[in-house]
Number of protein chains: 2
Amino acid sequence: MRTLEWDKNTNTIKMIDQRLLPGQFQVVSIDNYQSVAEAIKTMVVRGAPAIGAAGAFGMALAALHIKVKDKEAFLSELQQADTILRKSRPTAVNLSWALNRMMAKAKKVIGNTDEITQILIDEAQRIADEDVEINRKMALNGASLIEDGDTIIHHCNTGSLATVDWGTALGVIRMAHELGKHIHVLVDETRPRLQGSRLTAWELEQYHIPYEIISDGAAGFFLRTGQANKVFFGADRVAANGDVANKVGSYMLALAGYDNGIPVYSVFPSSTVDLSLQNGDEIPIEERNQDEVLGIQFNGEMVAPRQAMARNPAFDVTPGRLFSGLVTEKGIIYPPFHINLPEIIKRDSK
Amino acid sequence: MRTLEWDKNTNTIKMIDQRLLPGQFQVVSIDNYQSVAEAIKTMVVRGAPAIGAAGAFGMALAALHIKVKDKEAFLSELQQADTILRKSRPTAVNLSWALNRMMAKAKKVIGNTDEITQILIDEAQRIADEDVEINRKMALNGASLIEDGDTIIHHCNTGSLATVDWGTALGVIRMAHELGKHIHVLVDETRPRLQGSRLTAWELEQYHIPYEIISDGAAGFFLRTGQANKVFFGADRVAANGDVANKVGSYMLALAGYDNGIPVYSVFPSSTVDLSLQNGDEIPIEERNQDEVLGIQFNGEMVAPRQAMARNPAFDVTPGRLFSGLVTEKGIIYPPFHINLPEIIKRDSK
């Protein structure tokens, strides 16, 4: 199944509960937008594109439950849902992009509130379907960068679980594998939430792609000793100059690739690009609960002193200068990014 | 107290049991060399300089319990103790260095076996005291690099627990604090064995130095956003050109400091330098059991898929070009390291 799917019969959204993987595969059904916001916040669903689609379906759910028939009042209540959904994850641009698209759509409808509701359900479904199509295109574009025999270091989870299907960086890896290229993946465990060990490893097993897990700090060792020759990760928000906000640790990984002349790629749909931001310093970085860092256990025992405090930024910004290329559904973008990125992103899709 | 101390009244060696930290602070008393070997093997005591001193006291304990008064037979029994102690951590260079020094001392004594025993007790004490003195000098040298208000990122554990007292990089931080400088430490948790969360955090609490734990991949975020302005770590082996082998993750941390114009320092006693190695590529890197990577738990549950495999290099090599300076007991060494490092290391101590 897809990471999230609309169920027409029950008017609910079904999501794989990613917090339980790889131990359990469980699907939750959500029938109201507040629970969608909560699911995003608590990372039942995660990954920028998946969150965007989840937010869109959240708006559809909100519309379904609004009782008033007066259009003005209806749109006003819809706006409240938008506000609550928007707050659930501040860094990922796809969420606000999807919410903007849903609100704009709602405002344009000529008909009554029932018609608005149906149109919003269709629009959310369209966002999800487009995501799958976009990811397939990205995967095909990116797969051309991968050669038979490559060992790729990958950070966080950017697979189908992070999107509606296929994924971004991991979609590229999966596509290369499906095209018959023999590849090996070194999976950054990706502290603190361990999306690499937990989700990427699980996905790679589903695809039968050989992999090994490494601690994030070990990537430099493999890059410096010639035991890895490509770096791929996703993006949560991209500025007009090619600076990429992504899961914390991406920046240091990119530095280690760059320092050894090994190509580093970020893979993202064009909706991840925020052309209003001149550079990555303007991207707000979410800081999450310190328990994600401190809650680690070994042999069932906590590791840090009981009164210890932690800092926990969820993302960091990798400067565009460290990338060999940026992979989108519209093509691979090469430096200079401050010229080529806006040009390609603004290009109309066919 | 010191990490290990000789008790004159009971002729025993007392050690902090590092396996129980930070949960419990427990001191064990050991009265025979076989138990010293066992304590080294099971990592009651760890850290190359601390192990060296422990081995020396082990030889003193062996001498105390040898019953024969014939000098030849006495030395032969002492040699057996040396062999057993030497096997407890075959890779630790300081251990064999300390054992060699103890045996050589014993063989030189003109007097009887009681006199040999007393001289060995004194020599072990001297090895421990010298370690403290070297560490104090390093700490004082390095503390001059730290300014009031600094926020320092530190990797692994390099504190008094790894030595007899003071420590290397953490010794520098402690000395700066004792000299009245107000500092804050961001403690890399240091996957996979988490020596940062486990031991460095505990030590900083003992010294009342404010700190926060971070995941290793987050260091780049703090360095790039100006929230940290110095990087300090230790060294396990240093080549003649200033390349430093240290706990895995050090290289990526140094890259992140360097990329932001933030000074990066490695702190080590001159005995850590191996002038026979032209560069760091010649340093063999130990790969440890994959369970250190895969054995992590959250809420009592394993994270990685059950059949997952991992790679686990214990160290990496940071090229000398990334360091602003190298701190030793003989002074701070500045670039060009391939000239200045051999010169200063070969310089006789006063």
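At 12% relative accessibility, B:Arg174 counts as buried (buried means under 20% relative accessible area, exposed over 50%, partly exposed in between, using a 1.4 Å probe and protein chains only). This is a predicted model, in which local features need pLDDT of at least 70 and side-chain atom pairs count only at pLDDT 80 or more, while totals for chains, interfaces and linings use all residues. Residues are numbered from 1 along each chain as its sequence is written, chains are lettered from A and ligands numbered from 1 in the order in which they are written, and side-chain values use heavy atoms, with hydrogens and water left out.

B:Arg174 has a partner: it forms a salt bridge with B:Glu178, the closest N and O atoms being 3.5 Å apart. (A salt bridge is a side-chain nitrogen of Lys or Arg within 4 Å of a carboxyl oxygen of Asp or Glu.) Both residues sit in helix α6 (residues 169-178) of chain B, four residues apart, about one turn of the helix. Helices here are DSSP runs of H or I with at least four residues, strands are runs of E with at least two, and both are numbered from the N terminus. An α-helix has 3.6 residues a turn, so residues three or four places apart point the same way.

How many salt bridges does the structure hold over all chains? There are 43. One of them joins A:Lys69 to A:Asp114, with the closest N and O atoms 3.1 Å apart. A:Lys69 lies in the loop between α2 and α3 (71-86) of chain A and A:Asp114 in helix α5 (residues 113-143), so this pair ties together parts that are 45 residues apart in sequence. A:Lys69 is exposed, with a relative accessible area of 55%.

In chain B, the side chains of B:Arg193 and B:Glu292 meet in a salt bridge (2.9 Å, N to O). B:Arg193 is in the loop between β5 (184-188) and α7 (195-207), and B:Glu292 is in helix α10 (residues 291-294), so the pair ties together parts that are 99 residues apart in sequence. B:Arg193 is partly exposed at 31% relative accessible area, whereas B:Glu292 is buried at 11%.

## Glu292 in chain A

Now look at A:Glu292, in helix α10 (residues 291-294) of chain A. A:Glu292 is buried, with a relative accessible area of 11%. Leaving aside neighbours within four places in sequence, A:Glu292 is in contact (heavy atoms within 4.5 Å) with A:Arg191, A:Pro192, A:Arg193, A:Asn312 and B:Phe298. A network of salt bridges links A:Glu292 with A:Arg89, A:Arg193, A:Glu286 and A:Arg288.

## Where the two chains meet

The contact takes 61 residues from chain A and 61 residues from chain B. In chain A, A:Arg224, A:Met252 and A:Arg311 lose the most area to chain B, together 15% of what that side buries. The area buried between the chains is about 4900 Å², of which carbon and sulfur atoms give 60%; buried area is the accessible area (1.4 Å probe) that two parts lose on being put together, summed over both.

Which chain B residue pairs with A:Arg224 in a salt bridge? The partner is B:Asp281, with the closest N and O atoms 3.2 Å apart. Across the interface the rule finds six salt bridges. Finally, 100% of the interface residues of chain A are also interface residues in chain B, so the copies meet through the same surface.
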